[in-house]
Amino acid sequence: MSGMPEKGRAEVPAEVDVAIVGAGFAGLYLLYLMRQHGFSAVAIEAAEGVGGTWYWNRYPGARCDIESMEYSYQFDKDLQQEWTWSERYAPQPEILAYANHVADKHDLRRDVCFGRRVRSATYDEAARRWTLTTEQGETVTAPFCIMATGCLSAPNETRFDGEDNFRGPIYRTSLWPHEGVNFTGQRVAVIGTGSSAIQSIPEIAKQAAALTVFQRTPNYAVPAWNHPLKPDYAARVKADYEGLRARQRKAFSAAAFRFNPDAVATKTPPDERKAEYERRWAEGGLGFLAAYTDLMFDPQANATAADFVRAKIREIVDDPKIADLLCPTNTIGCKRLCVDTDYYKTYNLPHVRLVDVSETPIRITGDSVMAGGEAFPADAIVLAIGFDAMTGALMRIDIQGRAGRRLAQKWAEGPVSFMGLAVEGFPNLFTVTGPGSPSVFTNMLPSIEQHCEWITECLCGLRDAGESEIEVRPDAESDWQAHHQEVAGAHLRSGCASWYTGENIDGKPAVFMPYIGGFPRYVEACEAVAAGGYAEFRRG
Ligand code: FAD
Ligand code: N01
C-alpha cells in the first residue's frame with residue numbers, strides 16, 4: 001500500500017467550510033476533527049499518498065528518533081491499543097503504514113485531493129473567504145484555511161556548482177525514489193552530515209563499493225540502540241497508555257524522557273557526572289540531554305556533555321585524524337542532536353572516506369565531486385542537505401491576506417506569528433506547528449494533536465457565537481513574539497547557525513523560529529487564550 005498512488009477525492013470541491021493544505025499527521029487529524037464537529041473539509045496534498053514526512057523521506061535507514069510508543073496519535077484510544085510497533089524506533093515504512101491505517105480506519109482519503117500542490121491562497125475580505133488555487137489551476141473557496149504544510153517538508157533546493165553536468169543520478173533524501181535505490185558495486189558520494197545523512201550513511205555503506213562523505217560541519221550523535229520492541233514492554237505501556245501520555249504532557253519536549261529535575265551538571269562531581277552520562281549513553285536516544293537541567297543554559301555544563309560525546313567518538317573511530325574531523329566543537333544540542341546506529345563505526349570500514357568541506361565549497365563535474373581541488377569519482381550522489389525549515393512550505397505558497405498583503409512581505413525579516421497558530425493581517429488562517437510554537441523541539445505528534453484540537457475548538461466557538469471572522473490583534477502578536485525571543489535568548493539552542501535560525505538557507509533572515517519555552521508552558525498559554533474567550537483576537 002505504501003508506495004502506491006492512493007485513491008482520494010477525484011475533484012477539488014468548489015466550496016467547503018475548511019480548506020486544509022497537507023495530509024501528513026496534521027492534515028489527517030484535522031480532517032477527522034472537522035468531520036467530527038460537522039464542518040465540511042478537504043485536504044489538498046502534493047503527494048500521491050498520506051503521511052507527509054514519512055511519504056517523502058524513504059531513504060535507507062529512515063526512522064523516528066522518538067520512541068514509537070510515544071510517536072503516535074493518542075486521540076483514538078482503540079488505535080493505541082490495536083496498533084503494534086515492531087521496534088523501539090519505528091522504521092519509515094512502518095510509520096507510513098500507520099498513517100495509511102489511520103486514513104483507512106477513519107475513511108479520511110475520500111476528502112483528500114492527492115497530487116495537487118497549492119500555489120496560492122488569497123483572502124477576499126468582503127466575502128470573508130479564502131480561495132486556494134492548485135498548480136493545475138483548480139480552486140476551492142472556504143471561510144477558513146488551515147496550513148498543515150509541515151515544518152520539514154520543503155527540501156533545501158541549494159544547487160551545487162556544476163550539478164547539471166553530473167552524468168549519474170543525484171538523489172535527495174527528502175525526495176527518495178519509491179522503488180528504492182540499489183547502490184551495490186557503486187561509488188557513492190553523500191553530501192551532508194545531519195540526521196538524514198547519519199541515518200543513511202551506515203546503510204548505504206553496506207551496499208556501496210566505495211562511499212565518500214562530504215562534511216561541512218560535524219554533528220553530535222548518540223546511539224539509538226534500536227531493537228525489536230519486546231511484547232511485554234508494549235503490553236505494559238498499553239496497560240497504562242494514559243499514564244505515559246500524562247507524563248508526555250508534563251515534559252518539556254512532550255516526550256517522556258527520564259528527566260533529572262533537580263540535577264545540575266556543574267554542581268555534580270565529575271565521576272558521578274561521567275557515570276550518569278555513561279548510563280544515558282547505554283540507554284540511548286535523545287534522553288541523553290535530559291541528564292541535567294543546566295545543559296542547555298550554561299555553556300560550562302554543556303561542555304561536560306560535549307566532552308563526553310567527543311571522547312566516545314574518539315573511542316569508536318580507529319583513525320585519530322578521522323575522529324578529530326568527526327568531533328563537533330560547537331554546543332551540543334544547539335543543532336538538532338542526532339540519534340545513530342553505527343554511524344561513527346562506519347568510518348572504520350576500508351571503503352568509507354570522510355572529506356572535510358568546511359573551507360572549500362563543493363563543485364560537481366560529469367563524474368566526480370570536487371572538494372579542495374581534489375576529484376572524488378562517483379557513480380551516484382546523495383544530497384542529505386536538509387530543508388528550508390519552519391517557513392519554507394508556507395513561503396512557497398503565495399499567501400495574500402487582508403488588503404492583498406503577502407505573507408512573504410510580512411515575513412521578509414523573519415516569521416512573526418501568534419503562538420505559531422495565527423498571523424495578524426491573515427484572518428481565518430491557521431498554521432499547525434508554525435514558527436513561534438514548540439513544534440520541532442517536541443515529540444511532534446502530541447504537538448500536532450494539541451494544535452489541531454485548539455484550532456477546532458476555536459472554530460466551534462466562532463460558529464456557536466454566530467461569528468465568521470477571527471484575526472489576531474497586532475499587540476497580542478508582538479507580545480508573543482517578544483516573549484518567544486526572550487525565552488530563546490536564555491537558551492543555548494539559539495546560539496548557533498542552524499535550520500532553527502534559517503541560516504542553513506542562503507538569503508533567509510536569521511531568526512530563531514521554534515518556541516523554546518517548553519510544551520507544558522506553551523499548552524497552558526494556549527488554553528488561557530481559549531479560556532479567556534480569545535481576547536487576543538478580533539472577532540466578528
Ligand atoms: P508533514 O508530514 O511534513 O506533512 C505536510 C504535508 O503537506 C506534506 O505531505 C506535503 O506534501 C504537504 N504540502 C506542503 N506544502 C504543500 C502545498 N503547497 N500544496 C499541497 N501540499 C503541500 N518528529 C518527531 O517528533 N520525531 C521524529 O522522530 C521525527 N523524525 C523525522 C524524520 C525525518 C526524516 C523528518 C524530515 C522529520 C522528522 N520529524 C520527527 C518531524 C516530522 O516532520 C513530524 O514528526 C511530522 O511527521 C510532521 O507532520 P505534519 O503533518 O505536520 O507535516
Ligand atoms: O538536514 P540538516 P537533515 N555543502 O539540515 C549539509 C529531522 N530529521 O535532513 O551543518 C555542504 O540537519 C549541512 O552542513 P552544515 C530532524 O529534526 C530527523 O539531516 O550546514 N554541506 C548538514 O550537515 C533534523 O534535524 C531524523 O554545515 C551542506 C546537512 O547538509 C531535520 O529533520 C532524520 C550544504 C543538512 O543537515 C533535518 O535533518 C532525519 C552545502 N552546500 C531528519 N548544504 C531522525 O533521526 C547543507 N549541507 C528522526
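Select the shell around ligand 1, whose residues divide into 18 nonpolar, 11 polar and 4 charged; here Ala, Val, Leu, Ile, Met, Phe, Trp, Tyr, Cys and Pro count as nonpolar, Asp, Glu, Lys and Arg as charged, and the others, Gly among them, as polar. The model is a predicted one, in which local features need pLDDT of at least 70 and side-chain atom pairs count only at pLDDT 80 or more, while totals for chains, interfaces and linings use all residues. Residues are numbered from 1 along each chain as its sequence is written, chains are lettered from A and ligands numbered from 1 in the order in which they are written, and side-chain values use heavy atoms, with hydrogens and water left out.

**Ligand 1**

Among the 33 residues around ligand 1, those that come nearest are Glu45, Thr53, Asp65, Tyr71 and Val118, where a residue belongs to the surroundings if one of its heavy atoms lies within 4 Å.

A backbone N or O atom of Asp65 lies 2.7 Å from an oxygen atom of the ligand, a polar side-chain atom of Trp56 lies 3.1 Å from an oxygen atom of ligand 1, and for a polar side-chain atom of Trp54 the distance to an oxygen atom of ligand 1 is 3.4 Å. Taken alone, ligand 1 exposes 970 Å², of which the protein buries 95%; accessible areas come from the Shrake-Rupley method with a 1.4 Å probe, and for residues only the protein chains shown count as cover.

**Ligand 2**

Move on to ligand 2, which is surrounded by 22 residues, the closest being Thr193, Ser196, Arg216, Thr217 and Lys335. By class, this shell has 9 nonpolar, 8 polar and 5 charged residues, and helix H5 (residues 195-207) gives the most to it, with 3 residues.

Which residue has a side-chain N or O atom 2.5 Å from an oxygen atom of ligand 2? Select Lys335 to see that pair, then Thr193, where a backbone N or O atom lies 2.9 Å from an oxygen atom of ligand 2. Ligand 2 taken alone exposes 910 Å², and the protein buries 87% of that.

**Helix H4**

Select residues 92-105, helix H4, which has 14 residues and reaches 20 Å from its first C-alpha to its last, close to the 20 Å expected at 1.5 Å a residue (the expected span is 1.5 Å times one less than the number of residues). Buried residues in H4 include Ile95, Leu96, Tyr98 and Val102, where buried means under 20% relative accessible area, exposed over 50%, and partly exposed in between (1.4 Å probe, protein chains only). What covers the buried residues of H4 includes H1, H2 and helix H3 (77-82).

Trp176 sits in the loop between strand S8 (170-172) and strand S9 (187-191), and counts as buried because its relative accessibility is 3%. Leaving aside neighbours within four places in sequence, Trp176 is in contact (heavy atoms within 4.5 Å) with residues including Trp56, Arg58, Phe183 and Val382. Trp176 and Arg58 are 118 residues apart in sequence and 5.3 Å apart in space, C-alpha to C-alpha.

Then select Asp388, in the loop between strand S17 (380-383) and helix H12 (392-395), which is buried, with a relative accessible area of 14%. Not counting residues up to four places away in sequence, Asp388 touches Cys151, Asn156, Arg396 and Lys508, among others.

**Positive phi**

Most residues other than glycine have a negative phi. Select Met419, whose phi is positive, near 60°, in the loop between helix H13 (407-410) and strand S19 (429-431); Met419 counts as buried, at 1% relative accessibility. Finish at Asp342, with a positive phi of about 65°, found in the loop between strand S12 (338-340) and helix H11 (343-346) and partly exposed at 40% relative accessibility.

Note on methods:
A polar contact is a pair of N or O atoms within 3.5 Å; within protein, one must be able to donate a hydrogen and the other to accept it, and residues adjacent in sequence count only if both atoms are side-chain atoms. Helices (H or I, at least four residues) and strands (E, at least two) are DSSP runs, numbered from the N terminus.
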